[in-house]
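Me: I am new to this structure and should like to understand the reasons behind the terms used for it. Please set each value against its definition.

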Amino acid sequence: GTPGQAGHSPWLIANLLAQISFGLLAMTLCLPSMQEWGRIFDTDQSGVQLTFSGYVAAYGVLQLVYGPLSDRYGRRPVLLLGVSLALAGSLLGAMAPDLTVLTLARVIQGAGGAAGMVVGRSLIHDWFVGPDRTRMMAYVGMAMGVCPPSATILGGYLHVNFGWQANFVMMAALS
C-alpha cells in the first residue's frame with residue numbers, strides 16, 4: 001500500500017516485524033551455545049561473555065547511526081547495508097576458529113542487526129498513521145516480547161541437534 005493507506009498487506013506487516021525482530025533473534029539465538037564456548041575455545045566464561053557484550057554494544061550504538069543515515073540515503077540502502085553486515089558476521093561466526101574471531105563476528109552481526117530495528121520502525125512511521133500506527137507499534141511490542149525467549153528455545157534446539165555453528169548458519173540464511 002501507499003503511505004498512510006489503511007488496510008496494509010499482511011506480507012508488509014510480516015516483513016516489517018521480521019526486520020525489527022531480526023537483531024533480537026541474532027542476539028539471543030546463540031545464548032544456549034555460550035555455556036559451551038568456554039570449553040570449545042579453551043577460555044574462561046568472562047571471555048565468552050564478551051561475545052554477547054560486543055553484540056549488544058554494536059547493536060545499541062549503530063541504532064543511533066542508522067536512523068540519520070536512513071533519513072539521508074534512504075531506507076533500502078541502509079537496510080541492505082545492515083543485512084550485508086549481519087550476513088558477513090553470521091558467516092564469520094559459523095567459521096570462527098577461536099573466541100577472538102567469534103567476538104569480532106558477533107560485533108559485526110550486532111552492527112548489522114541494528115539496521116532492521118531502526119529501518120523497520122522508520123517505515124512504520126512513514127507508512128502508517130493514527131490508529132494503524134498505534135496498532136503496528138503494539139505488534140512490534142509483542143514481537144519484541146516473544147522473539148527472545150522463542151529464539152533461545154530455537155537456538156538450544158539447533159545447538160543440541162546440529163552444533164553451535166548452526167545458529168550462525170541459520171542467521172546467515174535469514175540474512
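Me: What makes a residue part of the lining of the largest pocket, and which residues lie nearest its centre?

Reply: In this predicted model, a lining residue must have an atom within 4 Å of a point of the pocket. For the largest pocket, 14 residues line the space, and Ala18, Gln19, Phe22, Val83 and Leu174 lie nearest its centre. Helices α1, α4 (75-94) and α5 each give two or more residues to this lining. The largest share, 5 residues, comes from α1. The space itself amounts to about 210 Å³.

Me: How do you know how many residues of that lining are nonpolar, polar or charged?

Reply: Charged residues are Asp, Glu, Lys and Arg, and the lining of the largest pocket has none of that class. The lining has 7 nonpolar and 7 polar residues.

Me: Why is another space called a cavity and not a pocket?

Reply: In a cavity a 1.4 Å probe fits but cannot get out, whereas a pocket is an open set of points. The structure holds 1 cavity of 30 Å³ or more, and about 30 Å³ of space lies in the largest cavity. Its lining consists of Ala26, Leu29, Cys30, Arg106, Gln109, Asn167, Phe168 and Met171. The elements with two or more residues in this lining are α1 (10-29), α5 and α7 (165-174). Helix α7 gives the most, with 3 residues. By class, the lining of the largest cavity has 5 nonpolar, 2 polar and 1 charged residues.

Me: What makes a set of residues a nonpolar core, and which residues have the most contacts inside the largest one?

Reply: The members must be buried nonpolar residues joined through side-chain atoms within 4.5 Å, and buried means under 20% relative accessible area. The largest nonpolar core has 32 residues, and Leu16, Tyr59 and Ile124 have the most contacts inside it. Helices α1, α3 (45-73), α4, α5, α6 (130-162) and α7 each supply at least two residues of this core. The largest share, 10 residues, comes from α1.

Me: How do you know that the span of helix α5 agrees with its number of residues?

Reply: Helix α5 covers residues 99-127, which is 29 residues, and at 1.5 Å a residue these should span 42 Å. The end C-alpha atoms of α5 are 42 Å apart, and therefore the span agrees.

Terms used
Residues numbered from 1 in each chain as written. Predicted model: local features only at pLDDT ≥ 70, side-chain atom pairs only at ≥ 80, totals over all residues. Heavy atoms only, no water. Helix = DSSP H or I, 4+ residues; strand = E, 2+ residues; numbered from the N terminus. Expected span 1.5 Å × (residues − 1). 1 Å grid on protein atoms, 1.4 Å probe; cavity = no way out; pocket = protein on both sides within 12 Å on 5 of 7 lines; lining within 4 Å. Points joined across faces, edges and corners; volume = space filled by probe spheres on them. Buried < 20%, exposed > 50% of the residue type's maximum accessible area, 1.4 Å probe, protein only.
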